[in-house]
Amino acid sequence: MASIWDFSESAQLMYQLISIPFALIFYCLATNGYLSLIQRYIYLGVGGFSLAVISMGWYSAVLFVSVIMSTLLIYFVDSQKIHWRIFIVQMLWQSFWHMLLLFRLYWQEEPADPRLLLMLSSLMLLTQRVTSVSMDLEEGKVIHPRFRGRISTSHLLPYMCYTLSFVCLLGGPLCPYDQFLSFVQNIQQNPPPSPLHRVSLRLLWVVVLEVIKYVLIFFLKASSVNLNNFSGLLWMWSLSLVLKITYYSHWALSECLNNAIGLGFCGNRLTGLQCWNGLSDGELWITETSCRLSEFTRRWNGTTAEWLRRLIHQRCQTFPLGLTFGFSALWHGLHPGQVKGFFFWAVSVKADYQLHNLLSPRLTSPWIRKVFRCFSWIQTQMVMACVIITIELRHVTWSFYVNYVSISSLIYILTVCLSAALPSC
């Protein structure tokens, strides 16, 4: 099964690479006035439609049905009541296909179709976009002109193109709907600077990440360790780094594709400030140097983390943290490994909050704070290694958990002892 998933990831990278020239063509045509506003929407929407059909085959119909259902709901339902209707319909539709995949994998023991995996990945991203728009409508952040109590049909085209745009079909980051509308409407009057330099740098970074990943894979395959012994902890951390690099590579390429049409620029052309980080799911160096698990969690897949916080965490009065991670497991497909991984992640984040709230007032000595940060970084890396491996590999023994929990507990104990010794310093 791992080879099928690897093939699906490679296909996703390939289709995104192929899409970059078309994104650059859109930028050139739009900024030079060769595309009207309607033509810009059609270019992005038809591009997404074509990419879906080519990459997913008949499974692309699942995405189109989802777009049509959400469009009809937006057209017929009042904006104050739209969010939960779209949320329920979309999650039921997505969960049905996730359950179908699990049925084929475990009940029928059939290999997963790579096109089905690509479709499910795109459907998850589509769920992000349609629920983000429904929350915007409910909160009044996006106000569409209405005709006799209903949204005018002329305003449905931007929505459909936003949900099917080829730059966000196969990968994130999640671009806010109002930012997308403003960009498409104003790209001719206020165009961002040429993205060629930015695109070249991001593509180079993707190449570097892929080279590092395959070098690590070579060394991991050349070594043999017992994964259930303490000696295998470093090996497991290296394996988790390989899996995490796969994410960073996908995020960088997806960000690159968005930058290629001009999305994500937040600099100032008048002052010469060039900043293309307006849309980013996470940078390797910034995320991996996080010294707190909660900080790492916020930075990891940043736009998705913000979407989950807005969708679940901020709306739940009871157990917001647990419900957020629980919904994340549901959104990812409720695979047994994912359920275990997200449960362990949620418990670890809660423990991280409690530990830092307990110890932070006592860390007044500079050297104690530095030692505490080192222990906290090691703890963060160990927990995330356990989470990533459990979610991605989907078959981890309980002895592996026991080893990790034992080492993690030892680090916590050492940290508490150091803080307890602080008054005598």
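1. Leaving aside neighbours within four places in sequence, L311 is in contact (heavy atoms within 4.5 Å) with H83, F87, T131, M135 and F327. L311 is found in helix α12; helices (H or I, at least four residues) and strands (E, at least two) are DSSP runs, numbered from the N terminus. At 2% relative accessibility L311 counts as buried, where buried means under 20% relative accessible area, exposed over 50% and partly exposed in between (1.4 Å probe, protein chains only). Between the C-alpha atoms of L311 and S132 the distance is 8.1 Å, although 179 residues separate the two in sequence.

2. The model is a predicted one, in which local features need pLDDT of at least 70 and side-chain atom pairs count only at pLDDT 80 or more, while totals for chains, interfaces and linings use all residues. Residues are numbered from 1 along each chain as its sequence is written, and side-chain values use heavy atoms, with hydrogens and water left out.

3. The chain has 16 helices and 2 strands. Of its 425 residues, 52% count as buried. Among contacts with a separation of 6 or more, 76% are accounted for by residues 24 or more positions apart.

4. The axes of α4 and α13 are 9 Å apart, at an angle of about 55°; axes are lines fitted to C-alpha atoms, for helices over the stretch in contact, and angles run from 0 to 180 degrees between N-to-C directions. The two helices, α4 and α13, are therefore oblique to each other, given that angles under 35 degrees count as roughly parallel, over 145 as roughly antiparallel, 65 to 115 as roughly perpendicular and the rest as oblique. On α4 the contact is made by F87, M91, Q94, S95 and H98, and on α13 by F327, L330, W331 and H332.

5. The largest nonpolar core has 76 residues, and those with the most contacts inside it are M56, M119, F180 and F327. A nonpolar core is a set of buried Ala, Val, Leu, Ile, Met, Phe, Trp, Tyr and Cys residues joined through side-chain atoms within 4.5 Å. Helix α5 (residues 114-139) gives the most to this core, namely 12 residues. Beyond four places in sequence, the contacts of M56 are L63, R115, L118, M119, S122, L169 and L170. Another core, of 28 residues, lies apart from the largest one and includes L239, L243, W300 and I391.

6. W84, F87, W307, F327 and W331 form one aromatic cluster. The count of aromatic pairs comes to 26; rings of Phe, Tyr and Trp (its six-membered ring) pair if their centres lie within 6.5 Å, and planes under 30 degrees apart count as stacked, over 60 as edge-to-face and the rest as tilted. Y248 and W300 form an edge-to-face pair, 5.5 Å centre to centre with 80° between the planes. Y248 lies in helix α9 (residues 233-260) and W300 in the loop between α11 (293-299) and α12 (302-311), so the pair ties together parts 52 residues apart in sequence. Both Y248 and W300 are buried.

7. L263 is placed in the loop between α9 and α10 (284-288) and is buried, with a relative accessible area of 3%. Outside four places in sequence, L263 is in contact with C175, Q179, F180, F183, N258, W276 and L279.
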